[in-house]
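Colleague: I'm new to this one, could you walk me through it?
Modeller: Gladly, let's bring it up and take it a part at a time.

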Amino acid sequence: MSCLKMYNFNPHIRGLSLPEGFSVTRFGGEEDIAHWVKICSDGLIDPETGFERFRSELIDIDGPDPYRDTYFIEKDGEKIATYTVVPDMWSTGMGYIHMVAVKTRFRGMGLGSFIADDSLSRLVEMGKDRIFLLTGDTRLPAVMTYLKAGFLPVNYIDEDGRDMLERWQVIADRLELSDLGILDDNGEPLTIINPSKAE
């Protein structure tokens, strides 16, 4: 199934901070690949293919450079979250927030909100004001975090000729949103979804 896309073409940096005792570090080399795999295997990727997935997501595609773009959040010496902030993904000229993952036991502490805000801040510092990310239908807490950070859903036509409106309708219903603005693939307002409240 195709990924869902979200745009933020007017980034507003909230200046969020990490909770006390947490810190941000940058990817430092081969030893950090195992940390990345361990974090991402907690619900984002298949642990059996973790090292191959690192290569396919951060090395073998047009855009990311893990030494420049990948960050970890640490707590008491343990790497517990990761995110990658790409200044030009797939030669689109757009900034991209990629491979965001937080270990399960650290979720619900505001780390996702910090990651979204820190990623936007870093991309704005790089001169990017058009930023996108990809997510999935089942990642509802992440979708809500991105909505609060100013991202909006995008309707586009996937490789099978399907648009995303129905999928966004389901998400709006599940999140009990009063309405949800949708952009077209160029970032122009397209429509507003009102949850169906079907009985």
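This is a predicted model: local features need pLDDT of at least 70, side-chain atom pairs count only at pLDDT 80 or more; totals for chains, interfaces and linings use all residues.

Colleague: OK, and where is His98 found?
Modeller: His98 is found in strand S5, which covers residues 95-102.

Colleague: Buried or exposed, that His98?
Modeller: His98 counts as buried, because its relative accessibility is 4% and the cut-off for buried is under 20%.

Colleague: What is His98 in contact with, leaving aside its neighbours within four places in sequence?
Modeller: With those neighbours set aside, His98 is in contact with Glu57, Leu58, Ile61, Pro64, Tyr83, Thr84 and Val86.

Colleague: At what angle do H1 and H2 pack?
Modeller: Helix H1 (residues 31-40) and helix H2 (residues 50-58) pack at an angle of about 100°, and their axes are 9 Å apart. The two helices are therefore roughly perpendicular to each other, since angles of 65 to 115 degrees are counted that way.

Colleague: Changing topic: how many residues has the largest nonpolar core?
Modeller: The largest nonpolar core has 39 residues, and the ones with the most contacts inside it are Ile73, Phe151 and Trp168. Helix H4, residues 111-125, gives the largest share of this core, with six residues. There is also a second, separate core of twelve residues, and among its members are Ile33, Trp36, Val37 and Ile39.

Colleague: And what does Phe151 touch?
Modeller: Not counting residues up to four places away in sequence, Phe151 touches Met6, Tyr7, Asn8, Ile97, Leu120, Ile131, Phe132, Leu133 and Tyr146. One of these, Tyr146, is a buried residue of helix H5 (residues 140-148), where Leu140, Ala142, Val143, Thr145 and Leu147 are buried as well. Just after H5 comes Gly150, which takes a positive phi of about 100°.

Colleague: Back to H4 for a second, is Asp117 buried or exposed?
Modeller: Asp117, which has its place in helix H4, is buried, with a relative accessible area of 2%. Apart from its neighbours within four places in sequence, Asp117 is in contact with His12, Ile13, Arg14, Gly15 and Leu16.

Colleague: There's another Asp, Asp137; where does that lie?
Modeller: Asp137 lies in the loop between strand S6 (131-135) and H5. Its side chain makes a polar contact with the side chain of Arg167, at 2.6 Å. Beyond its neighbours within four places in sequence, the residues in contact with Asp137 are Met1, Leu4, Arg167, Ile171 and Arg174.

Colleague: Last topic: in what sense do S8 and S9 pair?
Modeller: Strand S8 (residues 180-183) and strand S9 (residues 189-193) pair in the antiparallel sense, over four bridges. Within that pairing, Gly181 has Ile192 of S9 as its bridge partner.

Colleague: How many residues are between S8 and S9?
Modeller: There are five residues between S8 and S9, which form a hairpin, and Gly187 in the turn has a positive phi of about 90°.

Note on methods
Residues are numbered from 1 along each chain as its sequence is written. Side-chain values use heavy atoms; hydrogens and water are left out. Buried means under 20% relative accessible area, exposed over 50%, partly exposed in between (1.4 Å probe, protein chains only). Contact means heavy atoms within 4.5 Å. A nonpolar core is a set of buried Ala, Val, Leu, Ile, Met, Phe, Trp, Tyr and Cys residues joined through side-chain atoms within 4.5 Å. A polar contact is a pair of N or O atoms within 3.5 Å; within protein, one must be able to donate a hydrogen and the other to accept it, and residues adjacent in sequence count only if both atoms are side-chain atoms. Two strands pair if DSSP finds at least two bridges between them. Axes are lines fitted to C-alpha atoms, for helices over the stretch in contact, and angles run from 0 to 180 degrees between N-to-C directions. Angles under 35 degrees count as roughly parallel, over 145 as roughly antiparallel, 65 to 115 as roughly perpendicular and the rest as oblique.
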